Amino acid sequence: MRFHIEDDSLTIIFQGAEQLWAIKRKLVLPKPSVTNVIWQEGVQLPRTELGWRIGGSAIPGVLFAGRFVGREGRNFVYLLHPQGWVRQVRVKHVLTIELKDYPYRRLFFTVDKPDIAEQIIAWWSSNI
């Protein structure tokens, strides 16, 4: 997965098998739609926060990818090596992007490189 940052948008480009697992080629996020960006290490996400898969792939311990729907709306998820399935999902590193006026309420991605997460957070916070 690649992240392409422009002044007014963030594009997430899925590559190779990622497109198959996520059933998506790319996501283009207009900057005004992004309300928050958070990068965390060693996170336990409540399963209800992610929601249940409605399109994509879910292989416990390997990956969760695609569209999920929860109490607060639709989410897009691409998490590698998630541990847990029913109550909590543990992930090593997660970048969460919260949105408004967009088809998804939240996006969850495994981002193992802190510098990429920092660039995305800097992009978002530059015009707050």
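## Pairing of β6 and β7

Alanine 65 stands opposite tyrosine 78 in β7. The strands concerned are β6, residues 63–70, and β7, residues 73–80, which pair in the antiparallel sense over eight bridges. Strands (E, at least two residues) and helices (H or I, at least four) are DSSP runs, numbered from the N terminus. Two strands pair if DSSP finds at least two bridges between them.

The model is predicted: local features need pLDDT of at least 70 and side-chain atom pairs count only at pLDDT 80 or more, while totals for chains, interfaces and linings use all residues. Residues are numbered from 1 along each chain as its sequence is written, and side-chain values use heavy atoms, with hydrogens and water left out.

## The six-stranded sheet

An open sheet of six strands runs in the order β4-β8-β9-β7-β6-β5, with mixed pairing. Its edge strands, each pairing on one side only, are β4 (34–46) and β5 (52–59). From one strand to the next the twist averages 15°. Axes are lines fitted to C-alpha atoms, for helices over the stretch in contact, and angles run from 0 to 180 degrees between N-to-C directions.

Helix α3 (residues 114–125) packs on this sheet and touches β4 and β8 (88–99). The direction of α3 makes about 150° with that of β4. Contact means heavy atoms within 4.5 Å.

β8 is largely enclosed by the rest of the structure, because nine of its 12 residues are buried. Buried means under 20% relative accessible area, exposed means over 50%, and partly exposed lies in between (1.4 Å probe, protein chains only).

β4 and β8 run antiparallel and are joined by 11 bridges; asparagine 36 stands opposite glutamate 98 in β8. Glutamate 98 also has a bridge partner in β9, arginine 106. Four bridges join β8 to β9 (residues 106–109), again in the antiparallel sense. β8 and β9 form a hairpin with six residues between them, and aspartate 101 in the turn has a positive phi of about 50°.

## The three-stranded sheet

An open, antiparallel sheet has the strand order β1-β2-β3. The edge strands, which pair on one side only, are β1 (2–5) and β3 (26–30). Neighbouring strands are turned by 15° against each other on average, direction ignored. Helix α3 packs on this sheet too, touching β1, β2 and β3, and its direction makes about 30° with that of β1.

β2 and β3 run antiparallel and are joined by five bridges. Threonine 11 has valine 28 in β3 as its bridge partner. Serine 9 lies in β2 (residues 9–13). Serine 9 counts as buried because its relative accessible area is 10%. Leaving aside residues up to four places away in sequence, serine 9 touches His4, Val28, Leu29, Pro30, Lys31 and Trp123.

## A nonpolar surface patch

Leu20, Trp21, Ile59 and Val62 make a nonpolar surface patch of about 350 Å². Patches are made of residues with over 30% relative accessible area and no salt bridge; like charges are joined within 9 Å, and nonpolar side chains (Val, Leu, Ile, Met, Phe, Trp, Tyr) within 5 Å. A salt bridge is a side-chain nitrogen of Lys or Arg within 4 Å of a carboxyl oxygen of Asp or Glu. Accessible areas come from the Shrake-Rupley method with a 1.4 Å probe; for residues, only the protein chains shown count as cover.

Leucine 20 lies in helix α1 (residues 17–22). Leucine 20 counts as exposed because its relative accessibility is 60%.
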